[in-house]
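Subject: Structure for your review

Dear colleague,

Please find the structure below, followed by a summary of what was found in it. I would be grateful if you would read the two together.

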Amino acid sequence: MTASARLPLVFVVHLSVFLLVVLWTIPTAGLLISSLRDKDQLAASGWWTAFSTSSQNLTGRAASPETQVERDGGFVVAGSLLEGGKKAKVSAFGVRPMQPAAFEAGAIAGIGDGRMLTVREDGSYELVSPVRMEGTRGQRIFYTAAVPPRFTLDNYREVLSAEGIGASFVNSLTVAIPSTVIPILVAAFCAYALAWMRFPGRAILIAVVVGLLVVPLQMSLIPLLKLYNGVGAFFGVPAKTYVGIWLAHMGFGLPLAIYLLRNYMAGLPREIMESARIDGAGDFDIFVKIVLPLSFPALASFAIFQFLWTWNDLLVAMVFLGTGDDELVLTGRLVNLLGSRGGNWEILTASAFVTIVVPLVVFFSLQRYLVRGLLAGSVKGG
Amino acid sequence: MNQLFYAVTTMAAGVLACVAYFYVTNRLLDRVFLSKGFTGAQASRNLRRANAIRPWLFMAPAIVALAVYLVYPVFESVRLSFHGRDGRAFVGLDNYLWMVTDGEFRQSIVNNFLWLLVVPALSTVFGLVIAALTDRIWWGNLARTLIFMPMAISFVGAAVIWKFVYDYRSAGNEQIGLLNALVVWLGAAPEAWMTIPFWNNFFLMAILIWIQTGFAMVILSAALRGIPQETVEAAVIDGANGVQIFFRIMVPQIRGAIAVVWTTITILVLKVFDIVLAMTNGQWQTQVLANLMFDWMFRGGGDFGRGAAIAVVIMMLVVPIMIWNIRNATRETEGR
């Protein structure tokens, strides 16, 4: 690029690419950071403040009056608001919800009936009353505290067990693995026939496969649902089973698989096949011993596509798989959580990250094949 | 874990069954039409017959699966669209007439056209710009990887990510959604973005654009690299500036790739379902055809007639692209 090698222009290019990259990654980064934050902090401040100390308005309760001790003619309840290893610096406190920061930390506040309350910076408090205090519930204390950033895996621990994400993770694997592996061989044989064998109707079949590539899934849903219900009723088995969804994913994935593999196989050098044929090899041997090993990159591309698609799928799973704990996949669970835990971002962010982590790992480790498959699958007629 | 074991076992069984099928039928064919041991005409006739049957043996499982899962349903859906809610009574064009008068359906059509206009266009433009820019800098590969990454994320996962970005709390509270925090920081009032009719469609589209730009970028970046360097150099010598080179020399040469990207994303847009379901489920006038179809499939026990009719409408919108694809593919195979 001779003409554009001028300095300011290069700077503009760097800057705009940088901005675009930030724009594209920041939503995911926000999710990841949030999922690791303490859930009180997550609810109180934006994730971009995650690394700075935040000021929070909190509520605590003094120990029960039953623990009071008599000292210097008064009755004293003492303790700390920051129990359980919480670290924070209290700056103000109060006892009325309307004035949660009425007094500065360390001040001695009269809170009625002659009682005196002090909350110090380290969170320790002392409530002194001239007469014996009654009841079992402790005095409510509102306080403002500067809380240092806290990162934790608690959110993950919670969603994996209590919210059923762990079970759904296994379900998703159960759906995705066979749905990825089984179609490969079926598609490969078909692709070889379409690429290298001569028979009447070949061109039409190729055209049909290309046409089926774009048939919307929506066309298949109702007829197949009826079919599955019919088959289930006829044999007395449940209509929604893993076998059913594996076969459905295979059927829906086949056009792309056949198309990708046929294009790749058709590009293999003719000489190899001809020399093998001269040596007396039949089509079966040529396919198994020569074409299949040579087609590995295309097989890998398809496998990645199919895995990402079956793992990320929601529609097929919602129609062909039940919603019990042993069948609900991650995407379905996430949709349910969006409905039931709409405001609990610590649950949602952690759950979402669990659902996207497997595809991301696949993506980053096998990106090369993914790109190659995309190019083979769509650049045509250009 | 038991379940995973079951899955892996079934998978192994399935693969083994496939191998066994292909191996056994192929052997059987060789047995039935022996070519060795015969002489002359008999041998060549047997060989010819075996070779006429073999392709169909290779293709049989795939053809059966395609027929059951894609071809038969297309015809069945069309048939069902002329029938009542349980698929038994013939109702003629009733389902289609209902559609025309149904407010929700018309809303979906309008929204779908909005999606069709905006998403493919912006994804392609962003993809093209990013492809062209990242080609010139040393960390272009890293940038491309990061922009490509949303491709791997499920629509539902993306919906959660963006719902968090769009999160809304009433004015005066600390905003934890990035967009509203930005808006407040700029001095405006926070908004519940999902509930603003018409504009909320665009907030949903942003999610799909975010996902699909990477796809467009990868395809267009490969196409840009395929441009012969001489054409660019000739333009430089003729005194063209960067912008002119890009629009007059480069873009026309990758027109084919742009068309492929555009049509691929168009088809995806027609099928988009997860994003709308997860973000709004069609509320606040964001309904689209695919979600409406799903809705009718199960609404009140399910109305298969109306559901199928909506599916047929989606199919109709896809058909032109399908024909265009088939034409291109046939031309390509004939050229071989």
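Domain bounds, as used here, are taken from an automatic or database domain assignment. This is a predicted model, in which local features need pLDDT of at least 70 and side-chain atom pairs count only at pLDDT 80 or more, while totals for chains, interfaces and linings use all residues. Residues are numbered from 1 along each chain as its sequence is written, and chains are lettered from A and ligands numbered from 1 in the order in which they are written.

Domains

Chain B is assigned domain 1 (2-80) and domain 2 (94-335). Taken over C-alpha atoms, the centres of domain 1 and domain 2 of chain B are separated by 39 Å. In chain A, domain 1 is made up of 55-95 + 109-132 + 140-150, and domain 2 covers 156-377. The C-alpha centres of these two domains of chain A lie 60 Å apart.

Interface between the chains

Two residues are counted as in contact if their C-beta atoms, placed from the backbone, lie within 7 Å. On that basis, 92 residues of chain A are in contact with 97 residues of chain B. Helix H13 of chain A (residues 345-378) supplies the largest share of the side of chain A that touches chain B, with 15 residues. Helices are DSSP runs (H or I, at least four residues), numbered from the N terminus. By class, that side of chain A has 65 nonpolar, 23 polar and four charged residues. Here Ala, Val, Leu, Ile, Met, Phe, Trp, Tyr, Cys and Pro count as nonpolar, Asp, Glu, Lys and Arg as charged, and the others, Gly among them, as polar.

Individual residues of chain B

Most residues other than glycine have a negative phi. B:Trp284, although not a glycine, has a positive phi of about 50 degrees, and B:Gln285, also not a glycine, has a positive phi of about 60 degrees. B:Trp284 is found in the loop between helix H12 (274-279) and helix H13 (289-298) of chain B, and B:Gln285 lies in the loop between H12 and H13 of chain B.

A residue is buried if 20 or more other C-beta atoms lie within 10 Å of its own, exposed if 12 or fewer, and partly exposed in between. B:Trp284 is partly exposed because it has 18 C-beta neighbours inside 10 Å. B:Gln285 is partly exposed, with 18 other C-beta atoms within 10 Å.

B:Trp98 belongs to helix H3 of chain B (residues 94-101). With 15 C-beta neighbours inside 10 Å, B:Trp98 counts as partly exposed. The C-alpha atoms of B:Trp98 and B:Ala309 are 10.0 Å apart, although 211 residues separate the two along the chain.

Yours sincerely

Key:
Helices (H or I, at least four residues) and strands (E, at least two) are DSSP runs, numbered from the N terminus.
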